[in-house]
Amino acid sequence: MAANTTAERAQTLRALHEAPEILRVVNVWDAVSAATVAGLPETKAIATAGHSIAASYGYADGGMPLETALAGVKAIVDAVDLPVTADLDDGYDDPAETIRRAIGLGVVGANVEDRLRPFEEA
């Protein structure tokens, strides 16, 4: 059964993480790659690739503006009916707000990394 709402997709992703089977997700970078990977019967969730999304817009890894990153992620979310977890680089100076905005687009998982910070700050 397809998960249509953000809450349903989040519950699905959580269940996939809790299941005894290894969860494999494929990184995608646009709507076409997302739809192609989602069309494979073994695909249960999708992950975005920050570096690849940046490159597809002509940016270096970590150099893509937030609005561009979110537009790329939204295109992927809209292209599939699966949970999407997003690579949100370093959080774009406000990780909490970046994640809030990504959730608003339908993202149900995220990783925030790509920046070395002192432990106390991280």
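Predicted model: local features only at pLDDT ≥ 70, side-chain atom pairs only at ≥ 80, totals over all residues.

Trainee: How is the packing of two helices described?

Mentor: Two packed helices are described by the angle between their axes together with the distance between those axes. Here, helix H2 (residues 31–38) packs with helix H4 (residues 66–79) at an angle of about 35°, and their axes are 8 Å apart. The crossing of H2 past H4 is right-handed.

Trainee: Which residues of H2 and H4 meet?

Mentor: From H2 come Ala-31, Ala-34 and Ala-35, and they meet Ala-75, Ile-76 and Ala-79 of H4. Sorted by class, this contact of H2 with H4 has six nonpolar residues, no polar and no charged ones.

Trainee: Which residues of H2 are buried, and which are exposed?

Mentor: Ser-33, Ala-34 and Val-37 are the buried residues in H2. They lie on the same side of H2, because they cover an arc of only 100° around the axis. Val-32 and Thr-36, on the other side of H2, are exposed.

Trainee: Against which elements do the buried residues of H2 pack?

Mentor: They pack against strand S1 (26–28), strand S2 (46–48) and H4.

Trainee: In the largest nonpolar core, which residues touch the most other members?

Mentor: That core has 21 residues, and Ile-46 and Ile-76 touch the most other members. Two or more residues are given to this core by each of H2, helix H3 (50–56), H4 and strand S3 (84–87). H4 provides the largest share, six residues.

Trainee: What does Ile-76 touch, not counting residues up to four places away in sequence?

Mentor: Ile-76 touches Val-28, Trp-29, Asp-30, Ala-31, Ala-34, Ile-46, Thr-48, Ile-53 and Val-84.

Trainee: Let us turn to the loops. Where is Ala-45 found, and is Ala-45 buried or exposed?

Mentor: Ala-45 is in the loop between H2 and S2. Its relative accessibility is 1%, so Ala-45 counts as buried, the cut-off being under 20%. Leaving aside neighbours within four places in sequence, Ala-45 is in contact with Leu-13, Leu-16, Val-25, Val-26, Leu-82 and Pro-83.

Trainee: Which residues other than glycine have a positive phi?

Mentor: Tyr-92 is one of them, with phi near 55°. Asp-93 is another, with a positive phi of about 70°. Tyr-92 lies in the loop between S3 and helix H5 (95–104), and Asp-93 is likewise found in the loop between S3 and H5.

Trainee: Are Tyr-92 and Asp-93 buried or exposed?

Mentor: Tyr-92 counts as buried because its relative accessibility is 16%. Asp-93, in contrast, is exposed, with a relative accessible area of 70%.

Trainee: How far apart are Glu-113 and Thr-5 in sequence and in space?

Mentor: They are 108 residues apart in sequence and 27 Å apart in space, C-alpha to C-alpha. For Ala-45 and Glu-120, the corresponding values are 75 residues and 33 Å.

Technical notes. Residues numbered from 1 in each chain as written. Heavy atoms only, no water. Axes fitted to C-alpha atoms, helices over the stretch in contact; angles between N-to-C directions. Helix = DSSP H or I, 4+ residues; strand = E, 2+ residues; numbered from the N terminus. Left-handed = near helix turned anticlockwise from the far one by under 90°. Contact = heavy atoms within 4.5 Å. Nonpolar A, V, L, I, M, F, W, Y, C, P; charged D, E, K, R; others polar. Core = buried A, V, L, I, M, F, W, Y, C linked by side-chain atoms within 4.5 Å. Buried < 20%, exposed > 50% of the residue type's maximum accessible area, 1.4 Å probe, protein only. Arc of directions from axis to C-beta.
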